[in-house]
2 protein chains.
Amino acid sequence: MESIPESHRELLAGPYFAALTTIAPDGIPENTIVWCSLEGDTILINTTDDRRKYKNIKENPNVAVLVLDPEDGYNWIDVRGRVEKITGDPDFANIDRHTKIYTGKDSFYGDIMPAEAAGTHKRVVLHIKPERVVVSP
Amino acid sequence: MESIPESHRELLAGPYFAALTTIAPDGIPENTIVWCSLEGDTILINTTDDRRKYKNIKENPNVAVLVLDPEDGYNWIDVRGRVEKITGDPDFANIDRHTKIYTGKDSFYGDIMPAEAAGTHKRVVLHIKPERVVVSP
């Protein structure tokens, strides 16, 4: 496992948009835009169990997380690794923490998403361990 | 093969930075920042034959190309597909066209890169055909 360089930790700690790369069952990679945060050298991404990216990861845990500095396209970090663990988020502690970082609001269900949406899927937290890290020169 | 929607063609025609996703031999995806342009529904990316992304593609042609609007993180396109063809760029016509789009300058070797660099590697053009296209809602 590799560590995240100090110089680029800020890009992964939010509130920058990140691209999460997963691999579809037919072997073609795909990117979606997500929120993320850092816990030590682990990247945390919150999603739901009805999403394509979640299904891809259940089949193939290999992923990448890319963040480009929106102010400077030549400043970026790409973390290549694996989803090492998937945990639940039954009390929405993680999605609410991400909501605070990205929007300043206190709660995702209620402030951002209709509360009834919380009943239609299960929130999960992806824990991504870096295998290789590449940053802009 | 899928086509690129009119609404998002502009993001792929340059001068926006694109993330090219390739898959390393160990199966982990990786992203690098590149210039790109569109020819019909084919995405063109110029690289060199000594780069890691080129080696990845020779082993595994499955790729994705993501562009985020730097002014609006909620506006993006992700093209998932395959490198269908790799052609040479012996007279630098393609890299010079990309240089014009992205920098306004006329020539890559000379204006951007030392001319002697042209002797150390071979320029190649990746022709990427969309298999699936996803755009921001």
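Which residues of helix H2 (residues 52-59) of chain B are buried? They are Lys53(B), Asn56(B) and Ile57(B). A residue counts as buried if 20 or more other C-beta atoms lie within 10 Å of its own, as exposed if 12 or fewer do, and as partly exposed in between, with C-beta atoms placed from the backbone. Helices (H or I, at least four residues) and strands (E, at least two) are DSSP runs, numbered from the N terminus.

The model is predicted: local features need pLDDT of at least 70, side-chain atom pairs count only at pLDDT 80 or more, and totals for chains, interfaces and linings use all residues. Residues are numbered from 1 along each chain as its sequence is written, while chains are lettered from A and ligands numbered from 1 in the order in which they are written.

Seen down the axis of H2(B), the buried residues fall within an arc of 95°, so they line one face of the helix. The arc is that of the directions from the helix axis to the C-beta atoms. The face of H2(B) turned away from the buried side carries the exposed residues Lys58(B) and Glu59(B). The cover over the buried residues of H2(B) includes E1, E2, strand E4 (42-48), E5, E6 and strand E7 (123-135) of chain B. Contact here means that the C-beta atoms of two residues, placed from the backbone, lie within 7 Å.

In chain A, helix H2 (residues 52-59) has Lys53(A), Asn56(A) and Ile57(A) buried. Down the axis of H2(A), these buried residues fall within an arc of 95°, so one face of the helix is lined by them. Lys58(A) and Glu59(A) are exposed on the face turned away from the buried side of H2(A). The buried residues of H2(A) pack against strand E1 (18-23), strand E2 (29-34), E4, strand E5 (62-69), E6 and E7 of chain A.

The overall build of chain A comes next. Chain A has four helices and seven strands. From the N terminus on, the order of elements is α-β-β-β-β-α-β-β-α-α-β. The C-alpha trace of chain A spans about 45 × 35 × 25 Å along its principal axes. A compact globule of 137 residues would have a radius of gyration near 14 Å, and the 15 Å of chain A agrees. That radius is taken over C-alpha atoms, and the globule rule is 2.2 Å times the number of residues to the power 0.38. Of the 137 residues of chain A, 36% count as buried. Among contacts in chain A between residues at least 6 apart in sequence, 66% join residues at least 24 apart.

Strand pairing requires at least two DSSP bridges between two strands. In chain A, strand E4 (residues 42-48) and strand E7 (residues 123-135) pair in the antiparallel sense over six bridges. Asn46(A) stands opposite Val125(A) in E7(A). Strand E6 (residues 72-88) of chain A also pairs with E7(A), antiparallel, over 11 bridges. There, His127(A) in E7(A) is the bridge partner of Lys85(A).

In chain B, E1(B) and E2(B) run antiparallel and are joined by six bridges. Thr22(B) stands opposite Glu30(B) in E2(B). The two strands form a hairpin with five residues between them. Gly27(B), in the turn, has a positive phi of about 90°.

Val65(B) lies in strand E5 of chain B. Val65(B) is buried, with 24 other C-beta atoms within 10 Å. Not counting residues up to four places away in sequence, Val65(B) touches Ala18(B), Leu20(B), Cys36(B), Ile43(B), Val79(B) and Ile128(B). Val65(B) and Ile128(B) are 63 residues apart in sequence, yet their C-alpha atoms are 8.8 Å apart in space.

The contact between the chains takes 22 residues from chain B and 22 residues from chain A. On the side of chain B that touches chain A, the elements giving two or more residues are strand E1 (18-23), strand E2 (29-34), strand E5 (62-69) and strand E6 (72-88) of chain B. That side divides into 12 nonpolar, six polar and four charged residues. Ala, Val, Leu, Ile, Met, Phe, Trp, Tyr, Cys and Pro count as nonpolar, Asp, Glu, Lys and Arg as charged, and the others, Gly among them, as polar. Of the interface residues of chain B, 100% are also interface residues in chain A, so the copies meet through the same surface.

Chain B can be laid on chain A with an RMSD of 0.0 Å by a turn of 180° and a shift of 0.0 Å along the axis. The two copies are thus related as by a two-fold rotation axis. Superposition is by least squares on the C-alpha atoms of residues with pLDDT of at least 70 in both copies. Of the residues of chain B, Pro70(B) comes closest to the rotation axis, at 2.7 Å (C-alpha).
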